[in-house]
Amino acid sequence: MISIIGAGPSGNYLAYLLAKEGKEVEVYEEHDVIGRPIQCTGIVTKAFSEIIELQSDFVENITSRAEVTSPEGKSFVFPLRDNIVVCRHKFDSHLAKMAAKAGAKYYLKSRFLKHREKDSKIEFDVNINGEVVKKVTDVLVGADGPHSRVAKSAGLLIGRRYLNALQVKAKYKMDKEMFKVQFHRDYFGWVVPENEEVARIGITGFRKPKEYFDDFMKQFIKEEDILEFQSGLVPVYDPKNKIKKGNVYLLGDAAALTKASTHGGIIQGLIAAEELKKAIIEGKDYQKLVRKRLGKDLCLHLFLRETMESFSDRDVEYLVKLTGQDKIKKILSNFDRDYPTRFLLRIFMIEPRYFYFTKNLNIKALGSFIKGVL
Ligand SMILES: Cc1cc2nc3c(=O)[nH]c(=O)nc-3n(C[C@H](O)[C@H](O)[C@H](O)COP(=O)(O)OP(=O)(O)OC[C@H]3O[C@@H](n4cnc5c(N)ncnc54)[C@H](O)[C@@H]3O)c2cc1C
């Protein structure tokens, strides 16, 4: 028996992959509806469609350009490989339906509390509809998001760092094929069109997120345009995190497998689910598999973020200016931001002025990067 805690994209996709192989799978979700409340923008690169077949029931929009704005308000438009905007409620439900069809059993309104080892099995407590029930399993997977109770119960939620992601869904008229991003020393902001009339507007703040969020929103909408608040936490990836202990595994945000520079984690959770399936079925080392498939890119995202933390406003301005050149745009339009190891070196080779930023190199971050990728 494999018990998965959390019916987000990572947990549902793993449930589907394992059930398809004939494994007995149970999924426990604390909410009564899958994919709600929504705490996500749902924008993913084209790499997503190489993992999941796109379906009109969860794809809300497809964008092909990004407008990047500097702190001084200079804008550049980048053509991109398609960026897909999904509705998280519909996408999570779609994956859960696939998993249930393959044989996985779902328990909603079922909150995992804690676990213990018992006679070479794992016993855990779940609050199902207000009643605490004891369950027994062979494998326990924590796919229960940033504040994973499974990670906490296994003693694996140590030294984690989090960022606040503040977002609203609001009435806002815009070109539905182009999303906007704004780079700032202290935050990363976005406006992502759901359609021509409605957008998801948010920031991830490194410092004073609420103040920056209020200022950022005012550039686009008024208070009365807000339809829904959709904020949440983003865990920061750290190569030192342990994501397995005995037969307890962590997946997705519970394992902090997110990009530290742009803060997405949907694709990384899905990829880790594929690796966890292999680890469970073929008895392979999960930590090593994840490190091999995702480690270098996640470490590079972390290194970039830590380097940018010491940028002045002028540095950010210069970075956006260099990146806005046609020769750089041409490279970026052929790659997905999930995999910076595939294009960063090329960019440095054709524009040596990027070496200016070596003055911002954080030796500690460089050390962690080298350790993380070796
Ligand atoms: C505002 C915001 C915007 C974002 N935008 C993007 C984006 O555009 N693109 C992108 O790729 N990523 C984005 N992210 C990150 C993305 O949302 C996560 O990386 C992704 O949701 C991780 O999926 P998951 O399945 O690992 O965890 P989650 O989606 O967090 O799912 C965890 C599930 O576990 C359940 N759960 C939690 N605790 C328990 C418990 N004790 N018992 C039972 N069930 C439990 C929860 O209810 C939830 O259903 C954003 C995050 C935020 C906060």
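**Rings, a helix and a sheet**

Biologist: Which residue lies over the face of Tyr339?

Modeller: Take the rule first: NZ of Lys or CZ of Arg must be within 6 Å of the ring centre and within 35 degrees of the ring normal. At Tyr339 the distance to the ring centre is 3.8 Å. The residue is Arg342.

Biologist: What are the ground rules here?

Modeller: This is a predicted model, where local features need pLDDT of at least 70, side-chain atom pairs count only at pLDDT 80 or more, and totals for chains, interfaces and linings use all residues. Residues are numbered from 1 along each chain as its sequence is written, and side-chain values use heavy atoms, with hydrogens and water left out.

Biologist: Which residue lies over the face of Phe78?

Modeller: The same rule applies. The distance from the ring centre is 5.8 Å. The residue is Lys329.

Biologist: Is the pair of Tyr28 and Tyr107 stacked or edge-to-face?

Modeller: Rings of Phe, Tyr and Trp (its six-membered ring) pair if their centres lie within 6.5 Å. Planes under 30 degrees apart count as stacked, over 60 as edge-to-face and the rest as tilted. Tyr28 and Tyr107 are 4.7 Å centre to centre, with 5° between the planes. The pair is stacked.

Biologist: How many residues apart are Tyr28 and Tyr107?

Modeller: Strands are DSSP runs of E, at least two residues, and helices are runs of H or I, at least four, numbered from the N terminus. Tyr28 is in strand β2 and Tyr107 in strand β6. They link distant parts of the chain, 79 residues apart.

Biologist: Which residue follows α5?

Modeller: The helix spans residues 266-282. The next residue has a positive phi, near 65°. That residue is Gly283.

Biologist: What is the bridge partner of Phe124 in β9?

Modeller: Strand β8 covers residues 121-128. β8 and β9 pair over seven bridges. The partner of Phe124 is Lys135.

How values were computed: The expected span of a helix is 1.5 Å times one less than its number of residues. Two strands pair if DSSP finds at least two bridges between them.
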